[in-house]
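Colleague: I am new to this structure and would like to go through it with you, one question at a time. Could you show it to me, please?

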Amino acid sequence: MRNLRRTSQGVFLLGFIFLFLQTESKGADDLGYPVKLFLDFDPLILISSFLSSHSVQKAFYLSLIVIIMTVLLGRVFCGWICPLGTLNNIMSSISKKSRRHVSLKWSKSKYYILIFFIISSLFSLQITGIMDPVSLLIRSFSLSIYPLFNYATRAMFDTIYNTGPSSLVDVSESVYSGLKQTVLSFKQPYFYQSVFTGLIFISILGLNFYERRFWCRNLCPLGALLGLLSRYAILTRSVSEGCNECGACAEVCQGHASPDVKNEWKKAECMYCWNCDDICPNNAVILGVGKNSSSYSTGSNTNAGINLGRRGLVTSIMSGVVIVPLIRSTPFLNAGASAPDLIRPPGALPEKEFLKRCIKCGECMKVCITNGLQPTLMEAGLEGIWSPVLVPRLGYCEYRCTLCGQVCPTGAIQTLSIEKKIDVKIGLAMIDKGRCLPYAHATPCIVCEEVCPTSKKAVWLQKAAVKNRRGDEIIVQQPRVDLKLCIGCGICEAKCPVKNRPAIYVTSTGESRSLDNRLLLNQ
Amino acid sequence: MDRREFIKKAGIAGIGLSVPTSLHSIVHASDDVNKTSIVVATGESPSKITRAAVEAIGGIKRFVSKGDVVVIKPNIGWDRLPEQAANTNPEVVAAVVKLCMDAGAKKVRVFDRTVNEARRCYHQSGIADAVKKAGGDIRHIDNRKFRTIPINGKALKEWPIYSEIIDADKVINIPIAKHHGLAKLTMSMKNWMGVMGGSRDRIHQKLDQSLVDLSMAIKPTLTILDAIRILTGNGPQGGSLDDVKKMNTVIAGIDQVAIDSYGATLFGMKGEDLGYVRLADRAGLGTMDLTKIEIIKLSL
């Protein structure tokens, strides 16, 4: 059974990685694969988005399959499918120490965490994605692990290319070109907070050295949800008379399911890894459908795992309630006070609605073709941590690209057609005349006008006679911005030859999604 | 003297005024078509008129020999569709790739350092697919392959240039004729911006002279100006079909200056209206005066 389980885990992990790698444009208008599929199957996101935003994306109904599966079969998702669970599993296998069980009490934490998230989303706060395993994994891969992998691989091949003998370079370059077409990204991705999100992820993996599958046992809110759903699962475990409580199964149990104590098996903590069955020297473990009549343990207390205690329950509920006004008492949500750099991707809902839906999974940042979409830290308040913001200096919004809306699992960024997208203002460009070459330095430059993608161009040129230091009159073309036409894509800022603090730059003012933050009278 | 040798020599000696004579040397002695002829071919099928134009200027074998590594440089700068006339027509590019392959070229490389996102430009322009089908080798720019070479011009002293164009045996320039806010029109000479590395946006400060310097350093074996559709406004990337004018024309020749000078007439301008054409003529890169060149017109 172990091999079958490992095969299933491997298939789903590879499937996850495959879809992750496909979350990258090849130049067409769509990606060709349902890259957000794992998120669609995630019932925690279904429930929390429904509570926070009172809306559900159609694709999320797929997660009903996981719910039904769990109701019938228990937490098989954790043991057989979840890609983060599989990674934790692999890490645990590496560590000998992880065989110990630290404390059963810890396993309650995940239920408190789940309650905290559910209650806060009931009051419209969507921060579940911070700890939802699928969202966390995609975010960590996108912002940190994949950039790290790319950087290391590229650095290695570049070193060989620049210093190696030509015979070696020929070989390494053909390998490199093969990797570029399969597992490497088109160009090196860079993200703010790659270190921060990376350290969190590495810590989660590292916890497996402290205790086997520490995250899955003690912290994972999806695991907790599935644990609750497994209450009446018909796939159950029992032990026959042959069991002499030798404890061999407790050594290999992936969860906190107490398989070694008769009548104490905790269904909600069992990930159905089948390890106990495989290892039992007396072949006394029976995993099967329905109450096994030959079972030694009739009346087994299958709910032993979920006894949260009043104090803990009240604390987690109260935390979920209090966090909402606490996190929201910030001026960020007022248009006038919002960070000027908070340029949301095209199709993003008005900020309050946007935050109710965004689960910070990082799909949009992974797919952004110019690498311009970056995770926020505090620019959108703590509530909006790791939500997407366009940083035009790093990458502008490509005029005819609509991918971020296509991959957003929750509709925080709406899917737009190209025709609609090119009418959406995400901000407006304005000129810093003190730094602009034709304005301040009597030097010709038209780059912002040249690259302006609207037709007709939002950046237009006005001829002006300016004098240089010698007093010679020079005719230059000075750029002006037509605010009616400008959509704030930021290519002018990205391509402005005045680097680091460009002479033309976009802020969120004028964004069409916000009624408060619009600028023109007739917009 | 082949291209590689030329660039080496230019580097060692400094080009200066010796360039025009050096340029003459690439034209084979046996040429029966005058250097200052251009062919203007008009017709419904882009690939047919392209092939006819090349034939009329002496045939592809005049320019490409067996075993040559050929670089074809179209304009793939923008994330636009073929009908928006911001990139070179894919059928024209494919026709030239095919001609080179048929002439026995060892490899036909096609690339451009794009302005918009490269994957989108290559795909949406239709050029990547067309080149692949025609048997060419289309790849994205590899940032490690820029090599700083001496330009020794008046505006550009040296610049990182894509090494594949430096190392190629033959270079064919296939620009598209478009409006441009500063240069007024972008055609053959401005197309070389697509092989520049580094912060090429800076050359707009002395654009006309920079383009001449660049065109002096990179000499194409053959130039084919795509005027199947021309972009008359909001260039160089356009977007609106209102700015696109269907001309069903390609112009082929060896003299980049003559071609750009003729190209200007498609927009109701003259060669001397364009600063870089004037400067190039003065520097001896080619002939701006259309009365001094032979214009072979073909209609298919």
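Colleague: In which helix of chain A is the place of A:Thr70?
Modeller: This is a predicted model, and the residue can be located by the secondary structure assigned to it. The helix that holds A:Thr70 runs over residues 63–73 of chain A, and that is helix 4.

Colleague: Is A:Thr70 buried or exposed?
Modeller: A residue counts as buried if 20 or more other C-beta atoms lie within 10 Å of its own. For A:Thr70 there are 22 other C-beta atoms within 10 Å, and therefore the residue is buried.

Colleague: Which residues is A:Thr70 in contact with, leaving aside its neighbours within four places in sequence?
Modeller: A:Gly198 is 128 residues from A:Thr70 in sequence, and the two C-alpha atoms are 31 Å apart in space. Once the neighbours within four places are left aside, the residues in contact with A:Thr70 are A:Arg75, A:Phe77, A:Leu226, A:Leu229 and A:Ser230.

Colleague: How many residues of helix 6 of chain A are buried?
Modeller: Helix 6 covers residues 83–94 of chain A, and its 12 residues should span 16 Å at 1.5 Å a residue, which agrees with the 17 Å between its end C-alpha atoms. Among its buried residues are A:Pro83, A:Leu87 and A:Met91, and the helix packs with its buried residues against helix 1 (2–22), helix 5 (76–81), helix 8, helix 10 (194–206) and helix 11 (214–219) of chain A. Helix 6 of chain A is largely enclosed by the rest of the structure, because the number of its 12 residues that are buried is 9.

Colleague: And what is the count of buried residues in helix 9 of chain A?
Modeller: Helix 9 of chain A takes in residues 166–182, and its 17 residues reach 24 Å from the first C-alpha to the last, close to the 24 Å expected. This helix is hardly covered, for among its 17 residues the count of buried ones is 1.

Colleague: Into which domains is chain A divided?
Modeller: Chain A has 22 helices and 8 strands, and its C-alpha atoms fill a box of roughly 105 × 65 × 35 Å along the principal axes. The division gives one domain made of 2–23 + 33–100 + 110–225 and another made of 331–507, and these are domain 1 and domain 2.

Colleague: Which helix gives the most to the side of domain 1 of chain A that touches domain 2 of chain A?
Modeller: The C-alpha centres of the two domains of chain A lie 31 Å apart, and their contact takes 29 residues from domain 1 and 23 residues from domain 2. On the domain 1 side, the elements that give two or more residues are helix 2 (37–40), helix 3 (43–53) and helix 8 (133–163) of chain A. With 5 residues, the element that gives the most is helix 8.

Colleague: Is A:Ile47 buried or exposed?
Modeller: A:Ile47 lies in helix 3 of chain A, and its C-alpha atom is separated by 8.9 Å from that of A:Ser121, 74 residues away along the chain. Since 21 other C-beta atoms lie within 10 Å of it, A:Ile47 is buried.

Colleague: Which residues have the most contacts inside the largest nonpolar core?
Modeller: The largest nonpolar core has 223 residues, and its largest share, 9 residues, comes from helix 7 (residues 109–122) of chain A. Both domain 1 and domain 2 of chain A give residues to this core, so it lies between them. The residues with the most contacts inside it are B:Val93, B:Val96 and B:Val250.

Colleague: How many residues of chain A are in contact with chain B?
Modeller: The predictor gives the complex an ipTM of 0.92, and chain B averages a pLDDT of 91, although pLDDT stays under 50 over residues 13–32 of chain B. On the chain B side the contact has 4 nonpolar, 12 polar and 7 charged residues. Chain B takes part with 23 residues, and the number of residues of chain A in contact with them is 28.

Key:
Residues are numbered from 1 along each chain as its sequence is written. Chains are lettered from A and ligands numbered from 1 in the order in which they are written. This is a predicted model: local features need pLDDT of at least 70, side-chain atom pairs count only at pLDDT 80 or more; totals for chains, interfaces and linings use all residues. Two residues are in contact if their C-beta atoms, placed from the backbone, lie within 7 Å. Ala, Val, Leu, Ile, Met, Phe, Trp, Tyr, Cys and Pro count as nonpolar, Asp, Glu, Lys and Arg as charged, and the others, Gly among them, as polar. Domain bounds come from an automatic or database domain assignment. Helices (H or I, at least four residues) and strands (E, at least two) are DSSP runs, numbered from the N terminus. pLDDT is the predictor's confidence in each residue, from 0 to 100. The expected span of a helix is 1.5 Å times one less than its number of residues. A nonpolar core is a set of buried Ala, Val, Leu, Ile, Met, Phe, Trp, Tyr and Cys residues joined through C-beta atoms within 7 Å.
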